[in-house]
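Hi there,

Here is the structure I promised to pass on.

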Amino acid sequence: MLPEAAGAPLPPSGEAAHFRALERLYRSAPINSGFDSDIEITGPGVARIRFNVAPDHFHAAGAAHGTLYFKMMDDAAFYACNSTVSDRFLLTTAFNLVFSRPLKGGEVVAEGRWISGRRRVLIGEARLVDASGEEAARGTGTFMRSHIPLSSLTGYRG
């Protein structure tokens with residue numbers, strides 16, 4: 001019996017399957033086990049990472065360390081860009097960020113979006129928005145295609 005006839009939903013295909021595979025890839029990365037975070041790719045060139053800022057992310061003055069800003073914005077921009085590339089894993093080649101306010105705790109959203117490029121180098125941007133809707137940082141990254149097929153990555157394959 002076909003899955004749809006049995007009432008089971010069909011697995012995603014095409015673009016949606018690529019987005020879900022990238023979300024699995026994010027969740028499978030060992031670095032992400034240290035963060036209370038999750039990703040959603042909502043469309044081509046758009047990624048959103050929700051995460052919680054906890055005291056163990058703080059620097060000595062009681063706010064989130066810049067490494068957390070970088071990691072979440074890099075990931076959001078990276079996955080937004082990789083959502084437009086279905087065959088290769090991208091690599092970050094540069095990332096520039098601007099801090100505008102401290103993050104003292106709670107839920108934050110890293111919003112990433114693809115800006116330009118399709119062939120070898122892609123450009124993406126990201127911003128961090130705190131629970132009150134205020135922007136805490138903004139960044140722009142460049143990402144290049146690697147020689148690593150996405151299909152070779154266990155997390156991508158599922």
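By salt bridge I mean a side-chain nitrogen of Lys or Arg within 4 Å of a carboxyl oxygen of Asp or Glu. Aspartate 87 sits in the loop between α2 (66–82) and β3 (88–99) and arginine 145 in strand β6 (residues 135–149), so the pair ties together parts 58 residues apart in sequence. Helices (H or I, at least four residues) and strands (E, at least two) are DSSP runs, numbered from the N terminus.

Please keep in mind that this is a predicted model, where local features need pLDDT of at least 70, side-chain atom pairs count only at pLDDT 80 or more, and totals for chains, interfaces and linings use all residues. Residues are numbered from 1 along each chain as its sequence is written, and side-chain values use heavy atoms, leaving out hydrogens and water.

Next, glutamate 111 and arginine 127 form a salt bridge whose closest N and O atoms are 2.7 Å apart. Glutamate 111 belongs to strand β4 (residues 106–116) and arginine 127 to strand β5 (residues 121–130), so this pair ties together parts 16 residues apart in sequence.

Arginine 138 also forms a salt bridge with glutamate 135, at 2.6 Å between the closest N and O atoms.

Best wishes
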